[in-house]
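Here is a short briefing on a model with its sequence alongside. Keep the structure open while you read.

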Amino acid sequence: MSTTPRPDSAALTPRNVSALLQDTTPWLSCDECFERMDSYAEALVHDPTYRDEAMAAHLRGCAACDEEAESLMRLLDGR
Amino acid sequence: MTAVSRDEQRSNTSVSSPPSDAPGPMDWVEALTGGGPEQSAALRELHTLMLRAAAHQVWRMRPALPDPSPSAVDVIVNQAADEAMTALLAKLHTFEGRSRFTTWAFKFAILQAATEVRRLQWQHREVELRDLDVPSAPRHEDPELYAEGNDLAAAVAAAMRGVLTPYQRRIAIALLVDGIPIDVLADRLGTNRGALYKTLHDLRVRLRAELTANGYLPVHPANPPDPAPSDARSRISPTPTAGTP
């Protein structure tokens, strides 16, 4: 007999499902994200249309890095 | 002219050109490593910068603190600034001038302050690594939308059972369902943020492949999946309660 509880199919909220299925490719590690965060934040504050797909994918998938990048941009932007 | 004012001047003059084109971003490094009175002055200025960024971050996350009083915030800010400054000085040789030095410095203080707030937020809370025994979601008011979402949720749950290891399932539930901050979980498990994020990335790749094979996701999605109801369509962070206001 398995000790693993059976999943409740109604248990995952739409938000959970969205987070679980988030596309985090192209791969970027948290360390690489931190290395690039300063130049990324400056570029984005300077030009809101600036794109870095790997950074964007990582920030969609990592709430902690996302919070820190957002905070840095707000600090640079004086908000 | 001090290192800070030189950097601020670059900031002011970089409005019409890309930040990476700003001249002379290595002045801070010279000042911080040169010795003498200029080094002492640069260290003081750097600490002021770290305090500013740490305060910015702690105040952003202040509602998450067990004690959000100004005096408690002040203690956290000072501690984070000190620790961030130590971390920065250990990495000073890696500064390549791709951004202004002040921006590069700010990120150390922000990281340290955010990590400390999340640690304090969870310091008296147990972190449980559980499997898929998550509580039931509230039913959506629109039965059709609810049925669609429930179908996808069931498919995701089945995929989690079928293609993820027990460890991957537990990490996914902890981070993405229970909202445990990644650095808090890493600390409790004796690992680090990067290792947990790699686990998260790998399990997402597996889930997406399985859901794509079963026809729930397009083969070549132009955009990340967003199965949330239209009224909730916005940029969704995976750990929405992970210590952010």
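**Chain A, helix 4**

Helix 4 of chain A has 15 residues, which should span 21 Å at 1.5 Å a residue; its end C-alpha atoms are 21 Å apart, so the two values agree. This is a predicted model.

- Most of helix 4 of chain A is covered, with 11 of its 15 residues buried.
- The buried set in helix 4 of chain A runs from Ala63(A), Ala64(A), Cys65(A), Asp66(A), Glu67(A), Glu68(A) and Ala69(A) to Ser71(A), Leu72(A), Leu75(A) and Leu76(A).
- Within chain A, these buried residues of helix 4 pack against helix 2 and helix 3.
- From chain B, helix 3, helix 5, helix 8 (182-189) and helix 9 pack against them.
- Gly78(A) follows helix 4 of chain A, and its phi is positive, near 75°.

**Chain A, overall**

- Chain A has four helices and zero strands.
- Its pattern along the sequence is α-α-α-α.
- Of the 79 residues in chain A, 52% are buried.
- Take the contacts in chain A with a separation of 6 or more: 76% of them join residues 24 or more positions apart.

- Helix 2 of chain A has 17 residues.
- From first C-alpha to last, helix 2 of chain A reaches 23 Å, close to the 24 Å expected at 1.5 Å a residue.
- Where does helix 2 of chain A bend? The bend is at Met37(A), by about 50°.
- Met37(A) is also one of the buried residues of this helix.
- Other buried residues in helix 2 of chain A include Cys30(A), Cys33(A), Arg36(A), Asp38(A) and Tyr40(A).
- The cover over the buried residues of helix 2 of chain A includes helix 3 and helix 4 of chain A. Helix 5 and helix 9 of chain B are also part of that cover.
- Pro26(A) sits in the loop between helix 1 (14-20) and helix 2 of chain A.
- The peptide bond joining Thr25(A) and Pro26(A) is cis, with omega about 0°.

**Chain A, helix 3**

- Helix 3 of chain A covers residues 53-61.
- Its buried residues are Met55(A), Ala57(A), His58(A), Leu59(A) and Gly61(A).
- Helix 2 (30-46) and helix 4 (63-77) of chain A are among the elements that cover these residues.
- Helix 9 (193-213) of chain B is also among them.

**Chain B, overall and domains**

- Chain B has nine helices and zero strands.
- Read along the sequence, its pattern is α-α-α-α-α-α-α-α-α.
- Buried residues account for 38% of the 245 residues in chain B.
- Among contacts in chain B with a separation of 6 or more, 74% are between residues 24 or more positions apart.
- Chain B divides into domain 1 (3-122) and domain 2 (143-232).
- Four residues from domain 1 of chain B and four residues from domain 2 of chain B make the contact between the domains.
- On the side of domain 1 that touches domain 2 of chain B, the residues are one nonpolar, one polar and two charged.

**The largest nonpolar core**

- The largest nonpolar core has 84 residues.
- Which of its members touch the most others? They are Met50(B), Ala54(B), Ala109(B) and Val156(B).
- Helix 5 (residues 101-122) of chain B gives this core its largest share, 12 residues.
- Domain 1 and domain 2 of chain B each supply at least three residues to this core.
- Leaving out residues up to four places away in sequence, Val156(B) touches Leu12(A), Val17(A), Leu20(A) and Leu21(A) in chain A. It also touches Leu207(B) and Leu211(B).

**Two loop residues in chain B**

- Ala64(B) lies in the loop between helix 3 (36-60) and helix 4 (70-90) of chain B.
- Is Ala64(B) buried or exposed? Ala64(B) is buried, because 20 other C-beta atoms lie within 10 Å.
- Ala64(B) and Leu185(B) are 121 residues apart along the chain, and their C-alpha atoms are separated by 17 Å.
- Arg125(B) is in the loop between helix 5 and helix 6 (143-163) of chain B.
- Arg125(B) counts as exposed because it has 10 C-beta neighbours inside 10 Å.
- Arg125(B) and Glu30(B) are 95 residues apart along the chain, with their C-alpha atoms separated by 45 Å.

How values were computed: Residues numbered from 1 in each chain as written. Chains lettered and ligands numbered in written order. Predicted model: local features only at pLDDT ≥ 70, side-chain atom pairs only at ≥ 80, totals over all residues. Domains from an automatic or database assignment. Contact = placed C-beta atoms within 7 Å. Nonpolar A, V, L, I, M, F, W, Y, C, P; charged D, E, K, R; others polar. Buried ≥ 20, exposed ≤ 12 C-beta atoms within 10 Å, placed from the backbone. Core = buried A, V, L, I, M, F, W, Y, C linked by C-beta atoms within 7 Å. Expected span 1.5 Å × (residues − 1). Bend = angle between axes of the 7 residues up to and from the residue.
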